[in-house]
Amino acid sequence: MDVWDNVNKPLYDKIKKVRKQSDLEAIEEILQQADAHDLREEVIRSVAREIEKGDEEMSIVDAYRHALNDWVK
């Protein structure tokens with residue numbers, strides 16, 4: 001498990017299946033941007049809520065992008 005999964009432990013099984021190396025790199029880049037705004041945990045929690053809703057159409061990377069954009073407004 002990666003460091004950024006710690007907040008998502010209950011959802012780990014749901015998100016691990018969609019991971020590819022390119023997704024991991026994109027997510028880490030998004031989380032670095034979140035770090036710059038001191039919003040890393042907030043972004044991760046927002047993604048966890050989206051996953052819980054079960055939106056299968058949104059990719060995991062898009063979920064992180066949307067969460068970051070929502071917090072950085």
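**Helices and their packing**

Analyst: The protein chain has 4 helices and 0 strands, and the model discussed here is a predicted one. From the N terminus on, its elements run α-α-α-α.

User: What share of the residues in the protein chain is buried?

Analyst: The protein chain has 73 residues. A residue counts as buried when its relative accessible area is under 20%. By that cut-off, the buried share of the protein chain is 34%.

User: Among contacts between residues at least 6 apart in sequence, what percentage join residues at least 24 apart?

Analyst: The contacts considered here are those in the protein chain between residues at least 6 apart in sequence. Within that set, the part that joins residues at least 24 apart is 58%.

User: How far apart are the end C-alpha atoms of H2, and what span should its residues give?

Analyst: Helix H2 covers residues 21-36. At 1.5 Å a residue, its 16 residues should span 22 Å, and this agrees with the distance between its end C-alpha atoms, which is 23 Å.

User: How are H2 and H3 oriented to each other?

Analyst: Helix H2 and helix H3, the latter formed by residues 40-53, pack with their axes 7 Å apart and at an angle of about 130°. Glu 28, Leu 31, Gln 32, Ala 34 and Asp 35 of H2 make this contact with Arg 40, Val 43 and Ile 44 of H3. By class, the contact has 4 nonpolar, 1 polar and 3 charged residues. Given the angle of about 130°, the orientation of H2 and H3 is therefore oblique.

User: How are H2 and H4 oriented to each other?

Analyst: The axes of H2 and H4 are 9 Å apart, and the two helices pack at an angle of about 10°. On the H2 side the contact is made by Asp 23, Ala 26, Ile 27, Ile 30, Leu 31, Gln 33 and Ala 34, and on the H4 side by Ile 60, Val 61, Tyr 64, Arg 65 and Leu 68. These residues divide into 9 nonpolar, 1 polar and 2 charged. Angles under 35 degrees count as roughly parallel, and so H2 and H4 are roughly parallel.

User: Which residues of H4 are buried, and within what arc do they fall?

Analyst: H4 has 13 residues and reaches 18 Å from its first C-alpha to its last, close to the 18 Å expected. Its buried residues are Ile 60, Val 61, Ala 63, Tyr 64, Ala 67 and Leu 68, whereas Asn 69 and Asp 70 are exposed on the other side of H4. Seen down the axis, the buried residues of H4 line one face of the helix, because they fall within an arc of 160°.

User: Is Val 47 buried or exposed, and how far is it from Tyr 64 in space?

Analyst: Val 47 lies in helix H3, and with a relative accessibility of 0% it counts as buried. Leaving aside residues up to four places away in sequence, Val 47 touches Ile 60, Ala 63, Tyr 64 and Ala 67. Although Val 47 and Tyr 64 are 17 residues apart in sequence, their C-alpha to C-alpha distance is 6.0 Å.

User: Is Ser 46 buried or exposed, and which residues does it touch?

Analyst: Ser 46 is also placed in helix H3, and at 12% relative accessibility it counts as buried. Not counting residues up to four places away in sequence, the residues that Ser 46 touches are Ala 67 and Trp 71.

User: Is Asp 38 buried or exposed, and what is its phi?

Analyst: Asp 38 sits in the loop between H2 and H3. Its relative accessibility is 66%, so Asp 38 counts as exposed. Asp 38 is a residue other than glycine with a positive phi, and the value is near 55°.

Notes: Residues are numbered from 1 along each chain as its sequence is written. This is a predicted model: local features need pLDDT of at least 70, side-chain atom pairs count only at pLDDT 80 or more; totals for chains, interfaces and linings use all residues. Side-chain values use heavy atoms; hydrogens and water are left out. Axes are lines fitted to C-alpha atoms, for helices over the stretch in contact, and angles run from 0 to 180 degrees between N-to-C directions. Angles under 35 degrees count as roughly parallel, over 145 as roughly antiparallel, 65 to 115 as roughly perpendicular and the rest as oblique. Contact means heavy atoms within 4.5 Å. Ala, Val, Leu, Ile, Met, Phe, Trp, Tyr, Cys and Pro count as nonpolar, Asp, Glu, Lys and Arg as charged, and the others, Gly among them, as polar. The expected span of a helix is 1.5 Å times one less than its number of residues. Buried means under 20% relative accessible area, exposed over 50%, partly exposed in between (1.4 Å probe, protein chains only). The arc is that of the directions from the helix axis to the C-beta atoms.
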